Amino acid sequence: MADGATKKEHELFNTRKLKKRLWVFGSYVHIQGDKTIAYTSREQYCLLQVQEYKDSLKSKAEDLILKGFPKKIVELNELLETEQFGRSDLTEVHQPLNIPVPDPVIVNSHVVDQPASKKWKYDNCVDSESEVPGTKVMALPSGTVACNKHLCELVHVVKPHIRQLVEDANLLKMWISFMIPKIEDGNNFGVSIQEDTLGEIQSVESEAAAFFDQISRYFVSRGKIVSKVAKYPHIEDYRRAVQELDEKEYVSLWLVMCEVRNRYCTLHDIVVKNLEKIKKPRSSNADSLY
């Protein structure tokens with residue numbers, strides 16, 4: 001306890017059981033349970049907190065590898081066996097676009113002053129600038145075109161697992177980084193194992209983060225094709241392109257889940273096999289070899 005503290009302050013500090021930190025007379029007091037520690041400076045306190053963070057991270061990472069990863073692998077295997085990811089008929093993910101084909105325009109002359117498509121386009125536009133200012137846009141007679149609900153449900157299932165993989169890979173990356181010893185000459189075989197494992201983890205982290213970009217690119221691509229359907233409703237190829245894109249994305253999401261499962265298996269396998277070298281890259285009897 002800092003000098004100059006009253007008896008009442010001593011009793012207050014000693015009776016508190018929760019973790020507490022206070023400044024008292026220029027010293028930083030750390031109270032945890034029945035223990036009271038005073039530090040001469042905030043820098044000393046910050047160094048202790050950094051060390052506590054490192055120890056906590058190491059313990060959490062080892063528990064994740066030995067217990068968390070096996071549970072996650074089993075969970076993903078069960079998820080991939082569900083009906084949601086096991087559709088054999090890809091036409092089940094199709095969804096109507098809600099864009100009707102307008103009635104054809106019958107003309108008696110071969111010479112038409114203005115194309116029918118343009119007339120149809122402007123007839124469905126809001127041309128009153130006083131009511132809705134801005135650029136004229138095409139109005140769909142049946143309302144908005146919804147996203148594919150089947151694939152949206154899959155995306156809601158897949159994205160949390162991708163994010164969890166990124167977080168777990170980041171945790172392992174920091175854990176191995178803290179385990180790397182200071183640079184010395186010789187006896188660096190264990191350090192090379194740490195570096196190789198760290199490189200594999202960084203690769204998994206980057207690939208998992210790229211899965212998010214893959215999902216967003218699907219919606220952008222689908223929106224562009226749907227806009228083509230709205231502009232050229234008589235062309236069946238654009239409608240078929242939307243269906244093909246939905247089928248492709250379903251397979252891609254299934255592959256993403258398989259890759260997430262495989263990455264967990266790979267990380268668990270490589271870390272468990274080299275756990276001893278990762279935790280102790282340099283043997284204690286290295287000096288006796290020279």
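Asn98 sits in the loop that joins α2 to α3 (116–123), where helices (H or I, at least four residues) and strands (E, at least two) are DSSP runs numbered from the N terminus. Its phi is near 65 degrees, a positive value in a residue other than glycine. With 37% relative accessibility, Asn98 counts as partly exposed, a class that lies between buried (under 20% relative accessible area) and exposed (over 50%), with a 1.4 Å probe and protein chains only. The model is a predicted one, in which local features need pLDDT of at least 70 and side-chain atom pairs count only at pLDDT 80 or more, while totals for chains, interfaces and linings use all residues. Residues are numbered from 1 along each chain as its sequence is written, and side-chain values use heavy atoms, with hydrogens and water left out.

Stepping back to the whole chain, seven helices and three strands make up its secondary structure, in the order α-β-β-β-α-α-α-α-α-α from the N terminus. Of the 290 residues, 30% count as buried. Contacts (heavy atoms within 4.5 Å) with a separation of 6 or more come to 71% from residues 24 or more positions apart.

The largest nonpolar core has 50 residues; such a core is a set of buried Ala, Val, Leu, Ile, Met, Phe, Trp, Tyr and Cys residues joined through side-chain atoms within 4.5 Å. Two or more residues each are given to this core by α2 (42–80), α4 (149–179), α5 (189–231), α6 (236–273) and α7 (275–279), and α4 supplies the largest share, 13 residues. Leu172, Trp175 and Val260 have the most contacts inside the core. Leaving aside residues up to four places away in sequence, Val260 touches Leu76, His161, Ile162, Leu165 and Phe211.

Helix α2 deserves a look of its own. A kink of about 45 degrees is centred on Leu64, the bend at a residue being the angle between axes fitted to the seven residues ending there and the seven starting there. Leu64 is also among the buried residues of α2, which include Ala61, Ile65, Lys72 and Leu76.

Together with Val251 and Leu255, Trp254 makes a nonpolar patch of about 240 Å². Patches of this kind are made of residues with over 30% relative accessible area and no salt bridge, with nonpolar side chains (Val, Leu, Ile, Met, Phe, Trp, Tyr) joined within 5 Å; a salt bridge is a side-chain nitrogen of Lys or Arg within 4 Å of a carboxyl oxygen of Asp or Glu.

Definitions and conventions
Patch = residues over 30% accessible without salt bridge, like charges linked within 9 Å, V, L, I, M, F, W, Y side chains within 5 Å. Areas by Shrake-Rupley, 256 points an atom, 1.4 Å probe, with all protein chains shown as cover.
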